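Me: Got a model open here. Can you walk me through part of one chain?

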Amino acid sequence: MAIEVRIPTILRTYTDGQKSVEGSGATLAELFADLDGRYDGLSERLIDEAGLRRFVNVYLNDEDVRFLGGLSAPVSDGDTVTVLPAVAGGAR
Amino acid sequence: MRYDSLLDSLGGTPLVGLPRLSPSPAVRLWAKLEDRNPTGSVKDRAAFYMVAAAEKDGRLSPGATILEPTSGNTGISLAMVASLRGYKLICVMPENTSEERRELLGAYGATIVSSPAAGGSNEAVRMAKEMAARNPDWVMLYQYGNEANARAHYETTGPELLADLPEITHFVAGLGTTGTLMGTGRYLREQRPGVQIVAAEPRYGELVYGLRNLSEGFVPELYDESVLTSRFSVASADALRRTRELLHAEGMLAGISSGCVLHAGLQLAAKAHEAGERADIALLIADGGWKYLSTGAYSGTLAEAEARLEGQLWA
């Protein structure tokens, strides 16, 4: 078992076109560091010195990680992490 | 109940129990039926408040043209109030929105400018901002950043909920402009400090997120993360399934965004039930299902409905 990370279209240039990749770690920060070892430059697109980038949303099993401790959010095998760009949404 | 005019009948919507979907008598789900507003959606509250505020501060005067990026309900609400008050309305909306919305906007006399489907509402917002810059005499109420949007909910939705459900533990609503959650959330937090304010956000197909650079993303100016306690991303398939569940279990024909809200609400309910905690969870039902019939959301298999919805803005 590992943690599945779903990658948005715009970032698939970093994952050889893969829609989802697998990684490991005890926290989101560790998971991203693990991925960065294999997908060079990916982590830098997701985080900066202040933490998660403003227009990047990351969901742990469909829940926004900003409410789960951000980069320190605990993750474990079997979890699904979804990365999405922030959009204005739909029918407003 | 008697009102002087349609505009006067804004708000005061019913809060209706969902006995079949609630896990136990101690964990109850409640639906606030915002389709019972003048044009059939929660957006009437924001639209009427934004117009009233612009009239009060002199930005809107008779004969004015209103411009707004909207793919649906806000446009319909604005179109109705604009026609009554003698304003012209131009809506910038993504081309991948349902046919019914275009028909409705046209019926109220609004002009529609289409923005490309790829990029969703981000693109509509960008186009509207450009058009506003080129036409300085047009008035853009700009629902994503207009304080009157959130204030409408602080002054109406919030107090209505608390009056009907003083024991409220959770409030769940869709996250778009964020106005509903910000206004209602602030009010409820002031009155009930432990209340949970939960956002349910639609997760669309890949087309909607576009190929844009991540630095060009969009977060509404109204959004204040500190008002929320959690935020769920709900996939189209889950939203559709829950929309049908609401229809079949409770008889409510709601829009697809309400399926999204129900999905988050049911997770909160299950959590409270497992923990043996009491919960009274209010779900905001933003509109009815009528405007979405052409999407096929309510008929055929779920897989078919999901395929038809791919690439559409359903909430």
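Reply: Met93(B) stands opposite Ser114(B) in E5(B). The model is predicted, so local features need pLDDT of at least 70, side-chain atom pairs count only at pLDDT 80 or more, and totals for chains, interfaces and linings use all residues. Residues are numbered from 1 along each chain as its sequence is written, with chains lettered from A and ligands numbered from 1 in the order in which they are written.

Me: How many bridges between E4(B) and E5(B), and parallel or antiparallel?

Reply: E4(B) and E5 (residues 111-115) of chain B pair in the parallel sense over 5 bridges. Pairing takes at least two DSSP bridges. Strands are DSSP E runs of at least two residues, helices H or I runs of at least four, both numbered from the N terminus.

Me: Which helix lies on the path from E4(B) to E5(B)?

Reply: H3 (residues 99-107) of chain B. This β-α-β crossover is right-handed: with the strands pointing away from the viewer, the path from the first strand over the helix to the second runs clockwise.

Me: What stands opposite Cys91(B) in E4(B)?

Reply: Glu68(B). E3 (residues 65-69) of chain B runs parallel to E4(B), joined by 5 bridges.

Me: How many residues of E4(B) are buried?

Reply: In E4 (residues 88-94) of chain B, 6 of 7. Buried takes 20 or more other C-beta atoms within 10 Å of the residue's own, C-beta atoms being placed from the backbone.

Me: Switching to helices. At what angle do H1(B) and H5(B) pack?

Reply: H1 (residues 43-56) and H5 (residues 147-164) of chain B pack at about 115 degrees, axes 8 Å apart. Axes are lines fitted to C-alpha atoms over the stretch in contact, and angles run from 0 to 180 degrees between N-to-C directions.

How values were computed. A residue is buried if 20 or more other C-beta atoms lie within 10 Å of its own, exposed if 12 or fewer, and partly exposed in between; C-beta atoms are placed from the backbone.
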